[in-house]
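Reader: I would like to go through this model with you. Could you take me through its interior and its surface?

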Amino acid sequence: TQSVTATSTSNNTTGAPTATGPMPGPLTGPVAGPVTLTISPLVAPTVTKAFTATNIALNGTTTMTITVANSNLVPLTTVAFTDTYVAGLFNSGAPAPNASPAGCLGTLTAANNGGTFTLAAGTVPASTTCTYTVQVQGTTAGAKLNSTGAVTSNAPAGTAATDTLNVYTAPTVTKVFTPASIAAGGTSSMTITVTNPAANPG
């Protein structure tokens with residue numbers, strides 16, 4: 001067995017093996033036919049990101065999912081990403097972050113009330129899509145545009161994926177009578193006003 005390193009398609013032919021032994025004369029075997037070793041450069045993984053519920057109430061939670069798809073015929077190793085959240089978005093702490101299916105290895109970190117979700121020393125098996133999930137909470141109103149950041153590995157970096165989580169605070173409601181005092185049998189106009197807070201997504 002011999003390990004080889006190649007950077008392009010190579011044709012290799014083994015010469016006829018020879019040997020000596022107790023029988024008279026050298027022993028010569030047939031020439032092995034050429035064998036082609038094809039080396040394909042690793043391609044970058046495909047990265048996607050999504051929130052299970054894209055609209056939540058203030059202080060509500062939803063699951064954030066990041067997928068890393070490996071189309072190569074060999075595993076991706078040293079896979080890593082750091083997803084840094086915008087203001088008002090935090091990890092809920094439970095349930096714990098998860099990777100699936102089996103074989104999707106690495107260290108996931110999502111500290112309770114922390115503002116990042118990271119993968120370190122990850123492995124994505126050949127021809128496999130790994131799914132990484134974490135539950136997040138929106139603590140301020142607004143549209144939370146979030147990015148995975150570049151996904152690095154032993155292949156070229158995968159392009160960052162983004163998605164937006166909309167967090168809504170409750171509207172304000174007021175009611176007034178005009179006039180506020182009337183005689184028996186009189187009439188008054190009742191006005192109910194519902195105001196959508198400016199911080200809510202459009």
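Author: We can start with the overall fold, then turn to the core and the surface. Please note that the model is predicted.

Reader: What does the secondary structure come to?

Author: The protein chain has 17 strands and 0 helices. Of its contacts with a separation of 6 or more, 65% are between residues 24 or more positions apart.

Reader: How much of the chain is buried?

Author: Buried residues account for 25% of the 202 residues.

Reader: Which residues have the most contacts inside the largest nonpolar core?

Author: They are Met64, Phe117, Tyr132 and Val136, in a core of 26 residues. At least two residues of this core come from each of strands 5, 7, 8, 12, 13 and 15. Strand 13 (128–138) gives the largest share, 4 residues.

Reader: And Tyr132, what is it in contact with beyond its neighbours within four places in sequence?

Author: Its partners include Met64, Ile66, Phe81, Leu108, Phe117 and Leu119. Asn98 and Thr65 are also among them.

Reader: Why does Met190 count as partly exposed?

Author: Met190, which lies in strand 17, counts as partly exposed because its relative accessibility is 45%, between the cut-offs of 20% and 50%.

Reader: What is the accessible surface of the whole chain?

Author: It comes to about 11,700 Å², with 59% belonging to carbon and sulfur atoms.

Methods. Residues numbered from 1 in each chain as written. Predicted model: local features only at pLDDT ≥ 70, side-chain atom pairs only at ≥ 80, totals over all residues. Heavy atoms only, no water. Core = buried A, V, L, I, M, F, W, Y, C linked by side-chain atoms within 4.5 Å. Buried < 20%, exposed > 50% of the residue type's maximum accessible area, 1.4 Å probe, protein only. Contact = heavy atoms within 4.5 Å. Areas by Shrake-Rupley, 256 points an atom, 1.4 Å probe, with all protein chains shown as cover.
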